[in-house]
Amino acid sequence: MIKKEYKILNKFGLHARPASQLVKIASHYKAELWITKNGQRINGKSIMGVMMLAAEQGSTIILEVDGDGEAEMLQEIEELIHNKFGEE
Amino acid sequence: MPASDRKHEVSVIGVAASPGIAIGPTFLFTKNHLEVAPRKLTDSQVKSEIKHFKKALDETRQGIKRTRARAVKQTGDIVARIFDSHLLILDDVVLLNETLERIEQEKLSADYLVNDFMLRMYRSLKAQKGEYFSQRADDVLDVARRLIYNLKGVKDDFSSGLKKPAVIVANDLSPSDIIHLDRRKVLGIATDLGGATSHTAILTRSLSVPAVTGLKNVTDLVCAGQDIVINGNSGKVVVNPTPTHLKQYINKRKRFKAFTTRLQKLRGLPTETRDGRRVRLVANIELPIEVEAVINQGGEGVGLFRTEYLFLTQGSLPTEKDQVKEYRRVADALAPKPVVIRTYDLGGDKVMPSLEMPKENNPFLGWRAIRVSLDLEDLLRTQFRAILRVSHQRNVRILLPLVSCLDEVRRARKILREVMDELDEKQVSFNREIMLGVMIEVPSAALIADELAKECDFFSIGTNDLVQYTLAVDRGNENVASLYKAYHPAVLRLIKHTVEAGRRANIPVAVCGEMAGEPLATLLLVGLGLDELSVSPMMLPEVKKIIRSSQYAIAQEVAQKAFKYSTATEVENYLLRTMKKLFADLPVWFTRD
């Protein structure tokens, strides 16, 4: 199990498009993904769950990955966040 | 409601979602409420239930894709993306896995489990503040319904049971419902729910039928078969009109239709008064498919292309690529006539929920339109970049909404110049002389029109908001809505002042609010010296006819005389008398309802 904090860097935060990109990556792995923001914990593989988060720029999200491929999944998502979801 | 009450004529006001007037019998659109009780499975039934569930998912996916394809034809690509999020929701991995797990472990039927899960999602989303989340919740509901119907083996062909042409009255219409309506039988639409920026409002426009949403309780007020009149221009709905009123509405509509048909031959003719004053007559559009109507009705261009739909249909940031495609589409359809593209006029909370936004107490005076665009510079840059790309060999102009001070124009120009430099470096061609105009809808802008005129290329007077801000009236507030008066002398003075400032600086002044399309106001506006009127496409023929039938000299007189009155009522009465005298055969007062 790995738990790590991330700051959302891109200007428009986790709107529908980046949300679906994140969910897509998570769906490729067996490991579980949980995302917490402001105490709200949702299943990171659920598009409906991630939609509810709507994390804005500068906000902090906590990612918890657990299971097969957890490190790889986290790595991929980390890159996505660092690259601002390809938006800038 | 006791039967005796239903006989009375009742008027209600909602959101004017799609223009036009519809009269007809009511068709109460109800959706069958499917009972979803938990069904216990035997061990041997588990496997087949899983198969059944997966099959239903497939069927639902196909169904949504079919609807999407239909939407592409009816509304174009971008608006059809409303259904892309439906597909994403359907493919939600947790919906799938949790349901499969629970079928196996709890031995409960799929329909019950799906309903349970989706209801939870729906409630969580509805519980969040903001239109964005409310819209996502409605999307979940739409998908849930489809899936559960398929699980129950009930065919939902969205036929709604509508047999004869009628006005559809519903609590709410989902995007799927709307796309599948038989357009030939839909005279109009009236719903309880649905704000101005909802998917419902956007899609009813794409049907080109009059629609009023957000009526709150119209379904309580009607009963099947009763007549109803809906005015998609004003948002007014009249339930069970008295026989006298009904006759009046029907007559007006008949005359309007006959009149509009006779006007078809004016299509190619210029909008010019008898004594040679030329006025440019263009149209307001909200979706690219409306361009068809503009062309059919002889519009000389688009005076206001609202771009908010790009946001509202996707709940996501519109990409530069998408914008270029859409703007190009409209510009090409109308070429070489001009298209004025207005930058996003959205409240911060509509732009998207993932932006840090405190709940505004007074959104009307808050963070919206140009303010949002200038604060989120990248948003503006991308929009400018897209417009500039399209400007190469195409006739497009830029319009900035809600400008209240000179600084905003200067900042916008600076950003525009920087984007131009960027494109130069990339060797992308664009029109360096592209016109940048400003909406005059805030009193401060009207009052400093002289200063603004020096630094922009044209004005477009947005009378709707100008009236609200000037008279301090929220049109949507039932308690004060009657105070909203476009013909208030204060508003007229601001319009006049703006036109004169434009004249002095030698820049064209247009008007694009509702007033521009009101036949009652035509002579007044022309007489005040407006260079351009941008109206709803369906008003093009009537306004053109008025202008072609009048003399500029008379129009100027009318404008002068209107200024002698000190109340809106007196101005309106004067104009009514005058127009009736000059244009006896026009349904001049038709849309004033």
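Across the interface of chain B and chain A in this predicted model, the rule finds zero salt bridges. What the rule does find there is six residue pairs in polar contact, both residues of each pair being at pLDDT 80 or more. Which elements give two or more residues to the side of chain B that touches chain A? They are helix H3 (82-90), helix H4 (93-106), helix H5 (110-127), helix H6 (131-152) and helix H16 (377-391) of chain B. H5(B) gives the largest share of that side, with five residues. Sorted by class, the side of chain B that touches chain A has 17 nonpolar, seven polar and four charged residues. In terms of contacts, 28 residues of chain B meet 23 residues of chain A. The area buried between the two chains is about 2100 Å², and carbon and sulfur atoms give 69% of it.

For a closer look, take E12 (residues 396-400) and E13 (residues 436-440) of chain B, which pair in the parallel sense over three bridges. Here Leu399(B) has Gly437(B), in E13(B), as its bridge partner.

Now turn to the other set of strands. Eight strands of chain B form an open sheet in the order E1-E8-E7-E3-E4-E5-E6-E2, and the pairing is mixed. Strand E1 (10-13) and strand E2 (15-18) of chain B stand at the edges; each has a single partner strand, so one side of each is left without a neighbour in the sheet. Neighbouring strands of this sheet are turned by 30 degrees against each other on average, direction ignored.

Within the sheet, E3 (residues 21-29) and E4 (residues 166-170) of chain B pair in the parallel sense over four bridges. Ile168(B), in E4(B), is the bridge partner of Phe27(B). Helix H8 (residues 199-207) of chain B packs on the sheet, where it touches E2, strand E5 (186-191) and strand E6 (211-213) of chain B, and its direction makes about 45 degrees with that of E2(B). Helix H10 (residues 243-262) of chain B lies across E3, strand E7 (227-231) and strand E8 (236-239) of chain B, running at about 120 degrees to E3(B).

How values were computed: Residues are numbered from 1 along each chain as its sequence is written. Chains are lettered from A and ligands numbered from 1 in the order in which they are written. This is a predicted model: local features need pLDDT of at least 70, side-chain atom pairs count only at pLDDT 80 or more; totals for chains, interfaces and linings use all residues. Side-chain values use heavy atoms; hydrogens and water are left out. Two strands pair if DSSP finds at least two bridges between them. Axes are lines fitted to C-alpha atoms, for helices over the stretch in contact, and angles run from 0 to 180 degrees between N-to-C directions. Contact means heavy atoms within 4.5 Å. Buried area is the accessible area (1.4 Å probe) that two parts lose on being put together, summed over both. A salt bridge is a side-chain nitrogen of Lys or Arg within 4 Å of a carboxyl oxygen of Asp or Glu. A polar contact is a pair of N or O atoms within 3.5 Å; within protein, one must be able to donate a hydrogen and the other to accept it, and residues adjacent in sequence count only if both atoms are side-chain atoms. Ala, Val, Leu, Ile, Met, Phe, Trp, Tyr, Cys and Pro count as nonpolar, Asp, Glu, Lys and Arg as charged, and the others, Gly among them, as polar.
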